[in-house]
Amino acid sequence: MQKVGDDAILLNLNTENYFTLDETGTRIIDTLQESDSLNQAVRELVGIYEVDESKLTSDAIRLVEECEQHGLLQITEA
């Protein structure tokens, strides 16, 4: 992941697949990387963004799954 200002670019050098994240997407990925679980990350993000917890959870899962499908993220156990 390469940050460009508040945004970021995820790049798989083997497949040359990439995904550009806006500030919110970048914050979600950063928080997930720093957290022990999805639930912990969502609780922290709900404190930052005024959004329904279930909506945020759904959006975070969708983002991670899409990035994983393209080989841009790897899900690991904490």
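Residues are numbered from 1 along each chain as its sequence is written, and side-chain values use heavy atoms, with hydrogens and water left out. Because the model is predicted, local features need pLDDT of at least 70 and side-chain atom pairs count only at pLDDT 80 or more, whereas totals for chains, interfaces and linings use all residues.

**View 1. The largest pocket and its lining.** About 490 Å³ of space lies in the largest pocket, a pocket being an open set of points on a 1 Å grid over the protein atoms alone, where a 1.4 Å probe fits, with protein on both sides within 12 Å along at least five of seven lines. The volume is the space filled by probe spheres set on the points, which are joined across faces, edges and corners. Seventeen residues line the pocket, and Leu-32, Val-64, Gln-74, Ile-75 and Thr-76 lie nearest its centre; lining residues have an atom within 4 Å of a point. Helix H1 (23–34) and helix H3 (53–69) are the elements that give two or more residues to this lining, helices (H or I, at least four residues) and strands (E, at least two) being DSSP runs numbered from the N terminus. H3 supplies the largest share, four residues.

**View 2. The second largest pocket.** This pocket has a volume of about 250 Å³ and is lined by 14 residues, of which Thr-24, Gly-25, Ile-28, Asp-59 and Leu-63 are the closest to its centre. Strand E3 (18–21), H1 and H3 each give two or more residues to the lining, and H3 gives the most, with five residues.

**View 3. Helix H3 and its buried face.** H3 has 17 residues and reaches 24 Å from its first C-alpha to its last, close to the 24 Å expected at 1.5 Å a residue, where the expected span is 1.5 Å times one less than the number of residues. Leu-56, Thr-57, Ala-60, Leu-63, Val-64 and Cys-67 are its buried residues (under 20% relative accessible area with a 1.4 Å probe, protein chains only; exposed means over 50%). Seen down the axis of H3, these buried residues fall within an arc of 135°, so they line one face of the helix; the arc is that of the directions from the helix axis to the C-beta atoms. Ser-54 and Gln-69, on the other side of H3, are exposed.

**View 4. Packing around H3.** The buried residues of H3 pack against strand E2 (7–11), E3, H1 and helix H2 (38–48), with contact meaning heavy atoms within 4.5 Å. Just after H3, Gly-71 takes a positive phi of about 75°.
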